[in-house]
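Welcome! Here is a short briefing to read alongside the sequence and the 3D view.

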Amino acid sequence: EAINELEKHKLDSVFVIDDHYEEMMMDGKRNQLVDAYSSNRSYAYFAVKELITSFVQEDVSRSKAAYEVLDLFKEYGMDEQWNWEEIVQASIEKQESQQLLQTNFTYQNQNQGLEIKEDPVLPIISTWGLWAIFSMFSTFFLFDWVVKEKRPELQIRWLFTTNHFKKFASFSFIFFTVIMIIMDGLSLMILSELLQQPIPSALWISLLFYKVVVSLLAFLWAILFKKPLLYYVSSIGFTLILTLLGGVIIPIEGLTKQWSWVENLSPMTGLLREEIPYGWLLILLGLFTIWYLKGDKSHA
């Protein structure tokens, strides 16, 4: 019936599994386990074929491993023996519940067991380190409004109002910082659910102060520039430097052992250690206060 549907092009392709598939698998046979049919209009045939082949290869490998385990039972004279079905089922459960590359395999009833010590496999870049990089990039690019508002043709309007640029910039800084903190909080909650990785309270506090520090840094950095293009290029370079100094991409343990002050050169270090970057926070708040209290020169 399926082949008939295939000939009428109502099916893309057909795969027929042999009735004695499990028996052939237990006997170690791996040829002609599945029959495949396709037509000249089959589009998904090759992709599905590779997928089914991978499943069959997995069953073949698991069956071969089961026989290897049975041979090990005999070789080491084990009292308790499992049958083929039990070993295969145990391998399936182990595959679903554990990372096999980090599982130690030992034999029971051995007088001298082989101890295997494995160092934990650390990711090249942590999840929060990656988030810190993109958060800093986005903050710097968002604060380009400071450079644009400093243009001479826009500064004239402050001469005819009771308001002034520093008050407007300070209010805008607070507004954008609060909005970014709320948005980042929502994104982190979603990221935590997707990765099934809970966020401890210490990390939440560290993330909050990290965002404040980055906002202050981006704001004060933008004050120094008059052209947006130069600001964008310098911001990218400055962020990359802070990323390297924070040990987000390249570990800096060797440097910190020799010079402990290196770890304080980037606010990302405090985030990765779930700490508050007090040094950066105090310095940036001091610079922000100096900028706000410093007088402006205006010409009517």
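**A first look**

Helix H8 (residues 165–195) supplies the largest share of the nonpolar patch, nine residues. This is a predicted model, in which local features need pLDDT of at least 70 and side-chain atom pairs count only at pLDDT 80 or more, while totals for chains, interfaces and linings use all residues. Residues are numbered from 1 along each chain as its sequence is written, and side-chain values use heavy atoms, with hydrogens and water left out. Helices are DSSP runs (H or I, at least four residues), numbered from the N terminus.

**The nonpolar patch**

- On the surface, Phe171, Ile174, Phe175, Val178, Ile179, Ile182, Met183, Leu186, Met189 and Trp204 form a nonpolar patch with about 1000 Å² of accessible area together.
- Such a patch takes residues with over 30% relative accessible area and no salt bridge, joining nonpolar side chains within 5 Å; the areas come from the Shrake-Rupley method with a 1.4 Å probe.
- Met183 has its place in helix H8.

**Helix packing**

- Helix H9 (residues 201–223) and helix H10 (residues 228–245) have axes that come within 11 Å and cross at roughly 140°. Axes are lines fitted to C-alpha atoms, over the stretch in contact, and angles run from 0 to 180 degrees between N-to-C directions.
- H9 and H10 are therefore oblique to each other (angles under 35 degrees count as roughly parallel, over 145 as roughly antiparallel, 65 to 115 as roughly perpendicular and the rest as oblique).
- Their contact (heavy atoms within 4.5 Å) is made by Leu217, Ala218, Trp221 and Ala222 of H9 and Tyr231, Ser234, Ser235, Phe238 and Leu242 of H10.
- H9 also packs with helix H13 (residues 278–293), at an angle of about 40° and with the axes 10 Å apart, so H9 and H13 are oblique to each other.
- Residues making the contact between H9 and H13 include Phe209, Val212 and Leu216 of H9 and Trp280, Leu284 and Phe288 of H13.

**Salt bridges**

- Four salt bridges turn up in a search of the whole structure (a side-chain nitrogen of Lys or Arg within 4 Å of a carboxyl oxygen of Asp or Glu).
- Arg62 and Glu58 meet through their side chains in a salt bridge (3.0 Å, N to O).
- Arg62 and Glu58 are separated by about one helical turn, because they lie four residues apart in helix H3 (residues 45–75).

Definitions and conventions. Patches are made of residues with over 30% relative accessible area and no salt bridge: like charges are joined within 9 Å, nonpolar side chains (Val, Leu, Ile, Met, Phe, Trp, Tyr) within 5 Å. Helices (H or I, at least four residues) and strands (E, at least two) are DSSP runs, numbered from the N terminus.
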